[in-house]
Amino acid sequence: MRILVLGGDGYLGWPTALHLSRRGHDVGIVDNCVRRQYDHEMGVDSLVPILQLHQRVRLWRDVSGLNIDTYVGDLTDAPFVDEVFDRFEPEAIVHFAEQRSAPYSMIDRRHAVYTQVNNVVGTLNLIYAIAEHDPSIHLVKLGTMGEYGTPNIDIEEGFIEITHKGRTDVLPYPKQPGSFYHLSKVHDSHNIQFACRIWGLRATDLNQGVVYGQETDETSLDPGLATRFDYDGVFGTVLNRFCVQAVVGHPLTVYGKGGQTRGFLDIRDTLACVELAVTNPADKGEFRVFNQFTESFSVRQLADMVADAYPGRVEIEHLEDPRVEKEEHYYRAAHTKLLDLGLVPHLLGGPTLRSVLAVADRHRDRIDPAAIGATVEWRRTASRLLTAEPVLD
Ligand code: NAD
Ligand code: USQ
């Protein structure tokens, strides 16, 4: 298939592009490289060094003999999106290209507005381009488990059957997202579902949990094919952060009681899930939702698992939670649809934890302890982030 990977320079988009390329698909990458700009803004860097987009694509051609087309531009620029569609003529689109950090979206008004405009307008341009160029193009869109929040009932896969005053319907599952970033994903979901209904588009919303890990079969072929690995207080996700913290002897930063429970998955399973969604497309007019995670853990459990897996001494610290979220809650979310399509998960255990710890250890010289602290507080409308002093340390 001809598959466009939007956000193909990012943490998940790059290894997904390589994986799909190696599986015989014609792959094109679209990215405006803004993720690299956020690093400059925050004064942080990927733990693992990464090549520039054009360099890594050239290296992929040398290593694999396979070509990946690249289009550098912004999805919020509609003429650019149209031009890419004219030139590449995709059959499927995997859309990773959004500002994806909850803390970044909560820094202040400017970052909240940027996040929602970037994500919602980019996706709107995309669904218009699909409708106008070829409505049969299958859109595989990265959403988030955080769209649902943490309700006191089971979370279903996108839809819930509700009986109200004697009448029954299947309706979108209620959304209680926890940041302006997570809200942008809810807005996207509604816009995409509406486009499927009115124009007969076909779309899969992958409500993904928190991803951990860094190495995939393809990125391991050459150090220059590595994908980024974030551990800082704004872009680093929790398990990747804990592994880096263990390696530098920083106490593991559990926010609040640490009972916050989320769905998690290995980066290798992200690739597998996206491939399953692409190769088993939604029907015309169908908007389907898959909950894309393999296991759920509380933050406290994760900290204990990292402490057990690390050979040295590890301290666990409970910091005041900078976010507004339930610190203890019920959590049970359905996630059977990808398993039904054939997903065989990589579960989190000693070998995986040790491999992530080894990534952190290999690059320990690049770890900046000043980047580790949480710097964005949900309760403030303007964070002190840019003062360089970690607020919570
Ligand atoms: P990332 O920031 O590393 O990658 C996103 C890429 O999109 C970046 O390379 C960025 O430059 C690009 N981009 C952003 N806005 C763009 C625009 N307007 N035009 C063109 N390119 C643009 O993020 P990631 O961790 O790879 O996440 C990818 C997707 O998966 C995101 O949509 C995210 O919300 C979702 N997701 C990620 C996780 C996770 O744990 N990393 C979990 C659940 C869902
Ligand atoms: N947490 C800590 N200590 C830390 C970092 C985080 O206790 O040092 C806690 C947070 O408070 C939160 C949980 O760990 O309760 C997860 O935080 P996270 O930063 O790992 O993940 P989150 O902000 O939810 O966002 C990440 C990705 C986002 C994706 C989301 C999936 O950045 O793109 O949408 O995971 S989900 O969580 O399912 O919504």
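How far is an oxygen atom of ligand 1 from an N or O atom in the side chain of Asp31? The distance is 2.6 Å. That is a polar contact, a pair of N or O atoms within 3.5 Å.

Some ground rules. This is a predicted model, where local features need pLDDT of at least 70, side-chain atom pairs count only at pLDDT 80 or more, and totals for chains, interfaces and linings use all residues. Residues are numbered from 1 along each chain, chains are lettered from A and ligands numbered from 1 in written order, and side-chain values use heavy atoms, without hydrogens and water.

Back to ligand 1. Gln208 places a polar side-chain atom 3.4 Å from a nitrogen of the ligand. Val34 uses its backbone: a polar atom there is 3.1 Å from a ligand oxygen. Alone, ligand 1 exposes 820 Å², and the protein buries 98% of that. Those areas come from the Shrake-Rupley method with a 1.4 Å probe.

Now the shell. It has 28 residues, each with a heavy atom within 4 Å of the ligand. Among the closest are Leu12, Asn118 and Tyr181. Helices H2 and H7 and strands S5 and S9 each supply at least two shell residues. Helices are DSSP runs (H or I, at least four residues), and so are strands (E, at least two).

Last, two loop residues. Cys33 sits between strand S2 and H2. Its phi is near 60°, positive, in a residue other than glycine. Cys33 is partly exposed, at 22% relative accessibility. Glu89 is exposed at 56%. The cut-offs: buried is under 20%, exposed over 50%, partly exposed in between.

Terms used:
A polar contact is a pair of N or O atoms within 3.5 Å; within protein, one must be able to donate a hydrogen and the other to accept it, and residues adjacent in sequence count only if both atoms are side-chain atoms. Buried means under 20% relative accessible area, exposed over 50%, partly exposed in between (1.4 Å probe, protein chains only).
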